[in-house]
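Subject: Structure for your review

Dear colleague,

Please find below the structure that I am handing over to you. I would be grateful if you would look through it alongside the notes that come after it.

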Amino acid sequence: MRNVIVIFTKEMKSYFASPIAYLLLTIFAVIFGFFFYSATRFFVLQGMQMQMMGRGMPMDVNEYVIRPLLTNASVIGLFLIPMITMRLYAEEQRSGTIELLMTSPVRDLEIVLGKWLAALVLYAAILGISGINMGLLFAFGRPDWKPILVGYLGLMLQGGCLLAIGIFISTMTRNQIVAGGATFAVCLMLWVLDWVSAYDQSAWAKVISYLSVVTHFEPFAKGVIDSKDVIFYLSMIFFGLFLTSRSVESLRWRS
Amino acid sequence: MIKVEGLTKRYARTLAVDDISFEVEKGQIVGFLGPNGAGKTTTMRVLTCFLPPTAGSAQIAGFDVLEQPLEVKKRIGYLPETPPLYPDMEVGEYLSFVGRLKGLSSADVPKRVNEVCDRCAISDVRMKLIGKLSKGYRQRVGLAQAILHNPDVLVLDEPTSGLDPKQIIETRELIRSLAGDHTIILSTHILSEVEHSCERVIIINQGKLVAQDTVTNLTNRLRGSEQVALEILCVNGALNHAEVRQRLEQVVGVSHVVLKDTKDNRCSFEVESLQGRSIRAELARAVVGAGWDLNELRPVGLSLEDIFLQLTAAEKGEPVEKKEEVKA
């Protein structure tokens with residue numbers, strides 16, 4: 001555990017010593033800010049129209065603003081995650097510092113966990129920016145906070161799963177661009193896999209669309225914690241980290 | 001302290017290390033000598049648990065590199081060929097990180113970092129970013145990193161490569177000062193490096209162990225005879241090189257003379273002595289006595305290439321001394 005913290009601290013420092021963390025935080029703040037602005041403007045406009053038409057139907061902030069925003073946040077995450085993970089192992093391999101890590105009295109798995117946790121905390125910090133926007137909703141309205149919390153839990157689980165896959169891909173190359181590009185491709189595929197369910201109802205299609213990360217996120221966005229989704233994400237995280245540690249071990253045999 | 005038996009390492013198609021066995025006693029400095037691509041780095045990587053051996057075993061302080069890698073890693077400090085540095089960290093920050101990574105307690109880390117900074121003369125750059133350091137400083141930070149947790153065994157892969165002459169001397173002194181407490185293996189392809197800092201030499205070539213001996217034994221064996229380059233000038237009249245050659249061969253202690261070059265009234269020779277004889281004074285006297293001018297007289301050292309040629313020739317069954325026997 002101590003070694004995990006040592007690696008975690010080092011990775012955190014290195015994210016914030018380089019422009020990466022600031023760049024990602026900025027990207028997210030700008031894009032999410034735009035989504036937030038559009039969603040609230042549209043919500044306000046709709047509300048006014050409803051009133052003019054004399055239908056005083058109660059409008060739900062959670063339903064019309066927060067839920068689409070959380071889904072959007074997870075899409076932005078999809079673009080940011082490759083940038084978080086691509087350097088984790090590729091850079092160590094290129095600069096030769098992997099020799100320091102692998103000749104230190106630390107288990108491979110401890111290094112993997114430390115790096116993954118650092119990536120996860122950076123991802124959480126990025127999502128944390130959206131807390132400002134959510135805070136504004138609380139200042140001017142009365143949204144229900146429980147579904148929001150569940151939504152963020154879903155975002156973290158989904159992020160953790162994609163981050164684990166990203167780290168795994170980063171162990172397989174010395175080139176950061178290759179790692180980033182491949183991670184993005186894999187994340188995108190996992191994203192759109194559920195499209196098959198639109199035209200195909202066979203058992204295969206069900207299996208494939210079940211693998212899609214987005215089908216498991218939708219319940220969280222609605223504020224529903226379904227154990228099957230939690231288990232899906234946790235097992236994907238476990239699987240990704242397991243593959244990573246095996247891949248790190250194989251570095252010794254391959255190089 | 002270090003025990004290597006039948007170590008073999010095969011990459012996909014190439015055999016990098018072929019059945020190497022050696023032992024190193026506690027407190028010794030051993031030089032690992034060989035041309036580039038001989039298998040030095042591979043052997044060191046096996047010793048440091050970075051690579052697993054294909055066959056054979058390696059033990060550090062009684063722990064096998066495959067069976068108990070964590071125990072081995074605790075006892076080893078390793079400086080790879082390119083120092084494993086993070087360019088976006090400060091020197092002090094980097095060393096604290098390595099200290100914790102190597103398992104030092106939080107209380108010990110600052111103390112040890114101070115000590116190694118003093119020892120490696122990098123205290124003045126502690127607050128600087130590693131990426132901004134010169135090559136010499138980086139090498140020293142790499143060395144500091146290796147000795148940080150006070151390991152029993154130090155494995156240094158070409159510790160002086162890329163340093164300027166002054167830094168080379170300082171690094172050698174540092175390494176020598178570390179002997180005694182630490183067992184040190186250092187690799188190099190520079191012969192003088194080994195002569196200056198090592199007690200024993202292990203020579204490998206193309207993955208095979210060619211020789212292992214103490215430095216004095218090895219140099220005696222290989223440099224028992226003295227080689228002298230000689231240039232002779234005759235101011236009045238042409239020089240008959242056959243005559244000069246005859247004259248040189250008559251000097252006591254000369255084993256054979258090779259004519260290198262003739263130009264107008266000057267000619268150069270390479271003269272080799274018998275085992276253990278010094279002939280420079282005698283040669284000078286003979287040349288001047290014959291009325292010629294001595295333009296140049298300089299001892300020729302055996303280069304690493306010569307040693308390798310000799311050793312690999314010896315491997316094929318030709319004795320090292322053959323050259324002397326035939327020509328004498």
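This is a predicted model: local features need pLDDT of at least 70, side-chain atom pairs count only at pLDDT 80 or more; totals for chains, interfaces and linings use all residues.

Chain B has two domains, with domain 1 covering 2-221 and domain 2 covering 224-301. Taken over C-alpha atoms, their centres are separated by 45 Å.

Within chain B, strand S2 (residues 15-24) contains Asp18(B). The side chain of Asp18(B) makes a polar contact of 3.0 Å with that of Lys208(B). Leaving aside residues up to four places away in sequence, Asp18(B) touches Leu7(B), Thr8(B), Gly207(B) and Lys208(B).

Helix H3 of chain B (residues 91-101) is mostly covered, as eight of its eleven residues are buried. Among them are Tyr94(B), Leu95(B), Phe97(B) and Val98(B). The cover over these buried residues comes from both chains: it includes helix H1 (2-17) and helix H4 (98-102) of chain A, together with helix H4 (108-119) and helix H5 (135-147) of chain B. After H3(B) comes Gly103(B), which has a positive phi, near 95°.

On chain A, Phe138(A), Trp145(A) and Leu149(A) make a nonpolar surface patch of about 340 Å². Of these residues, Phe138(A) lies in helix H5 (residues 108-140) of chain A. Phe138(A) counts as partly exposed because its relative accessibility is 37%.

Turning to charged pairs, there are 22 salt bridges over all chains. Side chains of opposite charge can pair when their charged atoms come close. In chain A, Lys10(A) forms a salt bridge with Glu11(A), with the closest N and O atoms 2.8 Å apart. Lys10(A) is buried, because its relative accessibility is 4%, and Glu11(A) is also buried, at 0%. Glu92(A) forms a salt bridge with Lys10(A) as well, again with 2.8 Å between the closest N and O atoms. This pair links distant parts of the chain, since Glu92(A) is in helix H3 (residues 61-95) of chain A and Lys10(A) is in helix H1 of chain A, 82 residues apart. Glu92(A) has a relative accessibility of 3% and therefore counts as buried.

In chain B, a salt bridge joins the side chains of Lys111(B) and Asp108(B), at 3.8 Å from N to O. These two residues are separated by about one helical turn because they are three residues apart in helix H4 of chain B. Lys111(B) is partly exposed, with a relative accessible area of 48%, and Asp108(B) is partly exposed, at 30%.

With kind regards

Methods:
Residues are numbered from 1 along each chain as its sequence is written. Chains are lettered from A and ligands numbered from 1 in the order in which they are written. Side-chain values use heavy atoms; hydrogens and water are left out. Patches are made of residues with over 30% relative accessible area and no salt bridge: like charges are joined within 9 Å, nonpolar side chains (Val, Leu, Ile, Met, Phe, Trp, Tyr) within 5 Å. Accessible areas come from the Shrake-Rupley method with a 1.4 Å probe; for residues, only the protein chains shown count as cover. A salt bridge is a side-chain nitrogen of Lys or Arg within 4 Å of a carboxyl oxygen of Asp or Glu. Helices (H or I, at least four residues) and strands (E, at least two) are DSSP runs, numbered from the N terminus. Buried means under 20% relative accessible area, exposed over 50%, partly exposed in between (1.4 Å probe, protein chains only). Domain bounds come from an automatic or database domain assignment. A polar contact is a pair of N or O atoms within 3.5 Å; within protein, one must be able to donate a hydrogen and the other to accept it, and residues adjacent in sequence count only if both atoms are side-chain atoms. Contact means heavy atoms within 4.5 Å.
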